[in-house]
Amino acid sequence: MTRMTRDFGDSMQKEAIHLVSTDVNFVLGRFPDYQIGANNIIIEPEENPQVPSLKEIVAKETAQLLEQQKRLSVRDLADKFEKGLSAAAKLSDESKWREVASLDRHVLLKKLRDALDQLRGRVAGRNKDDAEEAISMVEALAVQLTQREGELLHEKSEVKKLATFLKQAIEDAKKVIEEERAIARAEIESARAAVQRVEEALQEQERMSRSAEKQELEELKKEIQEARRIKMLHQPSRVMDMEHEVQALRIQIADKSMHCIQLKKELAIMKKLEENRSNLYELEGSESLGSCLRIVPRIDPAPDISNCSIRWYRTEGSKKELISGATKTVYAPEPFDVGRFLQAEIVLNDERFTVTTTSPIDPAAGLESYVEALARRPETEFNVVVTQMNCRDYSSQSIHVFHVGKMRIKLCKGRSTKAKESYSASMQLCGVRGGGNAAAQSIFWQAKKGLSFIIAFESERERNAAIMLARRFAFDCNVMLAGPDDRAPTGTS
């Protein structure tokens, strides 16, 4: 400073006076806020919109929270408290930045005052008065800045109080949330238990109602059946009368038809006897399924034919079929013979005698319906006795069970199985053709090659039913079940 010359001071004085007096317009109570651009040109700043104070912001937020408190849930209220706390933290940060800015302003004002003091010592006259006025304005600005700082400190304390209040409110809200959650969970569990109890009660009631309805239905059925029975006993309907009449007419027609058939057979026998009086033998027995045909002499004395050659045939029109194995004086017709004539040829001392049935073999009454009923079952059992096994007499006369199934035939004795074979081409089944008193009740069964049986049934009906049932099931398996050297006609059951 001591090296400055008079000219330098004058030039500085002139520049300072020019700048202060010409370009600056001081307004009392306000220090100008400006920027110096290029060529020492003063740039006035744009007018900023008025920013609300911190108190106004906090008051506005508090009013909004109080207004929405009634319609917010506990969780939403907690979220609002969180947002308020973050806003308070942001305001606290802004107050810190304002403190830093105020410190910077104090430093700037001090530097400005020092510069003005130096300027006042170098100038004189009117410029010195302007400099003193500028110094007074700077001091007034410093006072205002100090007041503003006091207000900022007060606002800072208010913000801290608000932050503390919001933290406490958040903690209270969290406690309320946990309590509400616990209460809600307890209510949910209670509701679930109540619903489960109601469902169990409904299920139990439904089961009881079903059982009661079922019992009532059974009792109602019994009452209806009893009522029908009483009505049938005491008040027979017209339909029942007609059914009884029709049944009686059917019985009469069946008797008349049997009588007619018998008369036709007797007439045919008489005609045949008249035509062939030279024949010494004839057939004795009913010409129907389930009977036994026997060759007997017509006149006394007649030669004994027990040791003669005898062959039995089935005839149908011009066709004549040998019955293999039938070489005795007795033959029991089987289901293959139904609807055909039976013929026996006797060779005695180079003489040939022939005896023939007067009519085709008749089916047994009710046998077809009996077989139809048995065919609905998967398997039918018959009690039998085995008389021969592999052409040898069977010593045991105990009861066996003959199973006729849809896929196989089985012979059992108790728990042991004598034979069990599926239907095949090697299986044979037919009536016994060797004669004897029990021929009408016996069958020959070859289960497979090397294993054969002669089996006696309890009745002729069961024997014929077993043959027809086995042949029907075998036909369903594409197997023709017949006797030795037999050829089953198409469609034979």
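Does I224 count as buried, partly exposed or exposed, and why? I224 counts as partly exposed because its relative accessibility is 40%, where buried means under 20% relative accessible area, exposed over 50%, and partly exposed in between (1.4 Å probe, protein chains only). This is a predicted model in which local features need pLDDT of at least 70 and side-chain atom pairs count only at pLDDT 80 or more, while totals for chains, interfaces and linings use all residues. Residues are numbered from 1 along each chain as its sequence is written, and side-chain values use heavy atoms, with hydrogens and water left out.

**Aromatic pairs**
- The structure holds six aromatic pairs (rings of Phe, Tyr and Trp, its six-membered ring, with centres within 6.5 Å; planes under 30 degrees apart are stacked, over 60 edge-to-face, the rest tilted).
- One of them is F402 with W445, edge-to-face at 5.5 Å centre to centre and 80° between the planes.
- This pair links distant parts of the chain, 43 residues apart: F402 in strand β12 (residues 399–405) and W445 in strand β16 (residues 442–448); strands are DSSP runs (E, at least two residues), numbered from the N terminus.
- F402 counts as buried because its relative accessibility is 0%, and W445 is buried with a relative accessible area of 0%.
- F402 also forms an edge-to-face pair with F457, at 5.9 Å centre to centre and 85° between the planes.
- F382, F402, W445, F453 and F457 form one aromatic cluster.

**Charges over rings**
- K320 lies over the face of Y313, 4.4 Å from the ring centre (NZ of Lys or CZ of Arg within 6 Å of the ring centre and within 35 degrees of the ring normal).
- R471 lies over the face of F336, at 3.6 Å from the ring centre.

Key:
Helix = DSSP H or I, 4+ residues; strand = E, 2+ residues; numbered from the N terminus.
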